[in-house]
Structure formats: structure tokens, C-alpha cells
Amino acid sequence: MKRGAPERLIDENGRRVDGRLPDEMRPLRVEAGVLKNADGSAYVELGNNKVLAAVYGPREPMPRHEALPDRAILKCRYSMLPFSVAERKSPQPSRREIELSKVIREALAPAVFLNEYPRTSIEVYIHILEADGGTRTASIIAGSVALADAGIAMRDLVAAIAVGKIGNVLVLDINGIEDQYGDGDMPIAMMPQRGEITLLQADGVFTPQEIEEALRLAQKAFQKIYAEQVRALKTKYESVKEVEE
Ligand code: UDP
């Protein structure tokens, strides 16, 4: 075990540092339409992670020459606020944030009918208010709900979760401590209704069997995440309907 690590990440009863069993995800709460001035928005809590996503568009791209004749451009900016982590993070975009912005955009893009909106841009702004491992996957959950909340035509929502590895045990939805001191991290995103994976990354060493097992573990979580995403969107639109009536 590395220096500064907790004595063990899994105890003799098979419980993790936060009391979960290997196949348990953290509590998830999704809210849609939380910001008045954005075209679409969502707030996600996954365990201690707190994520806000705002969507603008489809609108004229800035600068205009970026416009594509046959489809919208999807832009995504992931930013971790200075107070979101234990050690103050500089507000300057880090290489990690630039990379995660690209990773999140590529995980969301397959779900959006970009060709429905030629010569426009669709922008997704993601702010991490608090981080505790798995912020990219929580961002994908939030980003896809915010896109749907903006009324953008989509093939499916995108659900996402990270599977980790502690020794040779696969654990669902790793937290910050497990991410820091564990042996592997595999963030996965999927369009749950279509059964198509839009993101698969891996840090650490996984056997082909472990990759299959990780996908099976994640699959169970995707159904729960999707149900919560849909619940959030329905709740938002039911409240809009009530106001209109
Ligand atoms: N983290 C941090 N400071 C940083 C970047 C990350 O404390 O500048 C923590 C944070 O809790 C984050 C975790 O490390 O969730 C894992 O970061 P990683 O790059 O693996 O991405 P994530 O798991 O959040 O998608």
C-alpha cells in the first residue's frame, strides 16, 4: 500500500472505506432545469461529487467561421472550481481540464442529432463544485440531462460510471480515496437504450476477463442512472406543465 493510504481499502467483511460493497454505487440525485438563464441545465450529486451543467444553443457559433455546413458543432468545457478539491485548484484551465473537456464532448456527441442543426453551435459548460472521484462520469450524466432539458434532439441519454480495481477486486463507482490509492480506474459511458458505449478509458492493468466483468458491473448501474435521469427530466416538465395550466 502506498504512503498516506488508508490501512486498507476493503475490510474483512468486504466493505469499502465508505461502507459500500464492491457492486454498490454511491447515491445519485439528478435535477433538471436548475438555471433560469441557460437554455438547458442539470445538477448532479453522485456521493460527494456536486456537478452543475449548463447548455446554450443551438445558436450562431462564435467565431462564425467555425460553423459547419452540415451539422452543429458541439463544444464542451469542464472546469473544476478552486474550492472543489482539498487543495485549492488554480482557476486557470489545467491540461487535465482541457483533456476532460474533450473526453466528455466525445462521450456526449454520439447521442446528439448534430445534423439537425447545421451552422450552429451547442455549448455544454460543466462546473465541478465538489469533487470526490468520478467527476468525468458525473459530468456526462449532468451534460446529457442538460442537453435534453435544452430540447435538443437526441438519440438517447448518456449514463456513465467508473469501475475501479482494488487488489484483484472490481469495485463499482470508485470514490476519491479509491481512485488515489487503488489499482485501476475504468470510466465507462453508454447510451443505455441503444446499448452503445461512447466512452471507455482505463488506467491500471485489467485482464480481458476483468474488462468484461467491469462492463457487466457498469451495466447494472446504467439502468439506475438512466432511470434517475429520466425521473429528473419528467419532474421538470411536469412542473412546467402545472405552471402553464
Ligand atoms: N482531484 C484533485 N485535484 C485535482 C484533480 C483531481 O483532488 O486537481 C481528485 C478529485 O477528487 C477527482 C479525483 O482526484 O475526482 C480523480 O481525478 P481523475 O483525474 O481521475 O478524474 P475523475 O475521476 O474525477 O473523473
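Predicted model: local features only at pLDDT ≥ 70, side-chain atom pairs only at ≥ 80, totals over all residues.
1. According to the UniProt record, an unreviewed entry, the annotation "domain: Exoribonuclease phosphorolytic" covers residues 24-152 and 156-221. The span 24-152 is 22% helix and 32% strand, with its end C-alpha atoms 32 Å apart, while residues 156-221 are 30% helix and 41% strand, with end C-alpha atoms 16 Å apart.

2. The largest pocket has a volume of about 550 Å³. It is lined by 26 residues, of which Arg96, Gly133, Arg136, Asp179 and Asp185 are the closest to its centre. Two or more lining residues come from each of α2 (135-149), α3 (176-181), β8 (184-191) and β10 (203-204), and α3 gives the most, with 4 residues.

3. The residues around the ligand are Met80, Val85, Arg96, Ala131, Asp132, Gly133, Gly134, Thr135, Arg136, Asp179 and Asp185.

4. Oxygen atoms of the ligand take part in the following pairs: one lies 2.7 Å from a polar backbone atom of Gly133, one lies 2.8 Å from a backbone N or O atom of Gly134, and one lies 2.5 Å from an N or O atom in the side chain of Thr135. On its own the ligand has 510 Å² of accessible area, and the protein covers 70% of that area.

Methods:
Residues numbered from 1 in each chain as written. Heavy atoms only, no water. UniProt positions renumbered as here; feature names shortened; annotations may be inferred. 1 Å grid on protein atoms, 1.4 Å probe; cavity = no way out; pocket = protein on both sides within 12 Å on 5 of 7 lines; lining within 4 Å. Points joined across faces, edges and corners; volume = space filled by probe spheres on them. Near = heavy atom within 4 Å. Polar contact = N/O pair within 3.5 Å; in protein donor to acceptor, adjacent residues only side chain to side chain. Areas by Shrake-Rupley, 256 points an atom, 1.4 Å probe, with all protein chains shown as cover.
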